[in-house]
Amino acid sequence: MTNFNRPKRADVSTPKTGQTKGRGCPARAPFFVPKFTVSDTMSSLLLLAFAIAMVPCALNAQLPAAPGEEPAQPAARVRCWIFPHGEKDSATVVARGADKTEHQLASAKGVAVSPTGYAALAPWTYTLDLKLRSGGVSSPPIQFKDGNFYTVAAMPKGGAWQITTYFDGPPADKSAPRPVHVLNFSPGRSTVVRAGNAPPLQVPPGAVAEMQLPPQRVPVRVEVLAADGGPPALSTVEVDLKEWPCAYVVVSADYRGRMRPRVLRGGEEPEIAAP
């Protein structure tokens with residue numbers, strides 16, 4: 001028998017938006033899934049890569065330099081030698097700019113001073129002044145260019161002082177011959193230098209001479225002639241013109257009074273690895 005008093009079954013169909021479902025639970029809006037194409041994905045990746053690449057530039061533009069850190073400035077590298085002069089007072093070499101500002105390059109008293117390294121000097125045209133108590137001498141104006149290396153030598157010659165500037169590189173042509181400067185400070189004794197296929201080079205006392213050698217390691221034979229006509233003092237040194245833009249062979253007395261050649265590198269100095 002049909003029971004006409006049974007309650008009707010609840011409608012569990014999905015209601016429309018804003019209606020309730022089940023026992024009063026709010027209805028969820030339909031989930032929307034965006035559709036991406038390949039071109040959209042590639043564009044997004046390119047924009048992301050561009051943004052990442054611009055981060056270092058933005059940091060460099062916004063962040064100040066670290067304390068004590070200065071931006072690199074244009075500079076020429078200059079060193080100075082003052083050779084034996086016997087003066088009781090000090091001899092000083094300064095570089096004087098057009099604005100009359102002086103930059104001291106070296107100072108010595110009676111004995112020779114060998115350069116310990118190149119010092120930075122602003123690229124400019126300078127006049128080099130040698131100052132002594134008894135007077136002094138000045139060089140013609142010389143231009144020191146950015147990135148180049150120079151050696152300034154102050155020495156007595158023929159009873160007068162002279163200032164000579166040598167270009168130490170870098171060489172314009174790495175395959176071209178390179179200069180070897182021979183400075184003879186043996187009192188009263190000439191020096192003969194032989195190297196490779198170059199003709200022998202004879203350097204009088206107190207003089208400076210130059211020979212051109214190929215860019216490779218070259219042994220140099222140095223003969224310091226005896227003043228009384230006896231046998232010469234022979235020595236052999238090596239210059240590495242494969243790595244050096246130029247070299248200096250300085251003949252002078254050692255601590256025992258013997259005339260010995262000493263080789264000095266010209267140009268950029270190699271970096272020393274940290275311990």
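Which residue in strand 16 is the bridge partner of valine 193? In this predicted model, local features need pLDDT of at least 70, side-chain atom pairs count only at pLDDT 80 or more, and totals for chains, interfaces and linings use all residues. Residues are numbered from 1 along each chain as its sequence is written, and side-chain values use heavy atoms, with hydrogens and water left out.

The bridge partner of valine 193 is valine 222. Strands are DSSP runs (E, at least two residues), numbered from the N terminus. Strand 13 (residues 191-195) and strand 16 (residues 217-224) run antiparallel and are joined by five bridges; two strands pair if DSSP finds at least two bridges between them. An open sheet of four strands, paired antiparallel, has the order 14-13-16-17. Strand 14 (201-203) and strand 17 (233-240) are its edge strands, each pairing on one side only.

Aspartate 168 is found in strand 11 (residues 160-169). With a relative accessible area of 1%, aspartate 168 is buried (under 20% relative accessible area, 1.4 Å probe, protein chains only). Leaving aside neighbours within four places in sequence, the residues in contact with aspartate 168 include Arg79, Tyr118, Phe149, Pro245 and Gly267, where contact means heavy atoms within 4.5 Å. The C-alpha atoms of aspartate 168 and glutamate 268 are separated by 8.2 Å, although the two residues are 100 residues apart along the chain.

Terms used: Buried < 20%, exposed > 50% of the residue type's maximum accessible area, 1.4 Å probe, protein only.
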